[in-house]
Amino acid sequence: MIFDYDTLKVIWWGFVGLLLIGFALTNGFDFGVGMWLPFLGKDDMERRVIINVIGPTWEGNQTWFIAAGGAMFAAWPLVYAAAFSGFYVALMLLLFALFFRPVGFDYRSKLADTRWRNAWDWGLFTGGFVPPLIFGIAFGNLLQGVPFHYDDTMRMEYTGSFLGLFNPFGLLAGVLGVSMLAMHGATYLYQKTDDVIAARARKAAMAAGAVTVAAFALAGVWVAIGMDGYRIVSMPPVDSAFMPTAKVVERGVGAWMDNYTRWPLTIAFPVGGLLGAALAVALCAARRSLPAFLASGVSVASILLTAGAAMFPFIMPSSLSPGSGLTAWDAVASHKSLGVMFWVLAIMLPIVVLYTSWVYSIMRGKVTAAHIRENEHESY
């Protein structure tokens, strides 16, 4: 193998994080645009313009979602199993919400009936609103710890409930997830449209950006001084394969801040999350659409990096039995599996990035009502 086992464990932490960020940045503005569809489009033509802003690219953006799920299954099989066992109802709700997207895009314009099209517009809203809410709530519950443990035979038992996910901090994280992608989607709309739609998108981006700043700041204070975090006290060597229960973990207020003390440069992540959102609001106020969209992307990526930096090496900490928590050191696949999959991702990821960049270069420019009329049969 070209890399040691412990090095591959860290590399795969970075790979999964990179794929999640790619998913948030590309699918993120898709979700955001879907959220704003019923509110920023006042008639059928305006809504068609909004839909066609993301219509040509949303399916390609789904690649990041599929890749992130596949990478998690390949690199962290215990996390994949635990997540689908513990969050089964939430994940099924997520999938059902996502079903509205392909059928909504394809079926909405099939009939020139107001009720038909309005129904699909709200379906696309659901497909844009529910996933960020669920992902946000899931991250909020990960930071608090998930109620599961491994028994003597290494069988996982989850003792939580679906309604238990909707705790105060989980809901705050859900608000943050929705607001930051609503900001991202609105800045994308502002950059890709003109006239009244762009004007409404500009105001929507400013409102969503303000909520993002407030929710992220409140969540940061809560994590720092109002919530128990987790830290590893002892464990086997990181270059070895060992069971999750072989380590000793303690829980304490402020433990999630340990990595920021250990690696001071990581403070750039929360700063980037706050300043990126604030800058997006300021740039929208100054009517600078493309810089506002880029600032929004910096904020979204930085917020995810903030959570990742705080939790490292934890992936799914356990509130019921801290020693059962899953980390980048003990929830991973074998050395050989990580090595083989490293080359698969190292080859395929640049291809995905290049192809995505080429598609967006082809589809550059604004979407207008005139464009929809000229391409009536090709447009959604």
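Colleague: What makes the contact of Arg 101 with Asp 30 a salt bridge?

Modeller: The closest N and O atoms of Arg 101 and Asp 30 are 4.0 Å apart. A salt bridge is a side-chain nitrogen of Lys or Arg within 4 Å of a carboxyl oxygen of Asp or Glu, so the pair is called one. The pair links distant parts of the chain, with Arg 101 in helix 5 (residues 88–107) and Asp 30 in helix 1 (residues 5–40). Helices here are DSSP runs of H or I, at least four residues, numbered from the N terminus.

Modeller: This is a predicted model, where local features need pLDDT of at least 70 and side-chain atom pairs count only at pLDDT 80 or more, while totals for chains, interfaces and linings use all residues. Residues are numbered from 1 along each chain as its sequence is written, and side-chain values use heavy atoms, with hydrogens and water left out.

Colleague: Why is Arg 101 called buried?

Modeller: Buried means under 20% relative accessible area, exposed over 50%, and partly exposed in between (1.4 Å probe, protein chains only). Arg 101 has 3%, so Arg 101 counts as buried. Asp 30, at 0%, is buried too.

Colleague: Which residue does Asp 151 pair with, and is Asp 151 buried or partly exposed?

Modeller: Asp 151 forms a salt bridge with Arg 155, the closest N and O atoms being 3.5 Å apart. Asp 151 has 26% relative accessibility, so Asp 151 is partly exposed. Arg 155 is exposed, because its relative accessible area is 58%.

Technical notes:
Helix = DSSP H or I, 4+ residues; strand = E, 2+ residues; numbered from the N terminus.
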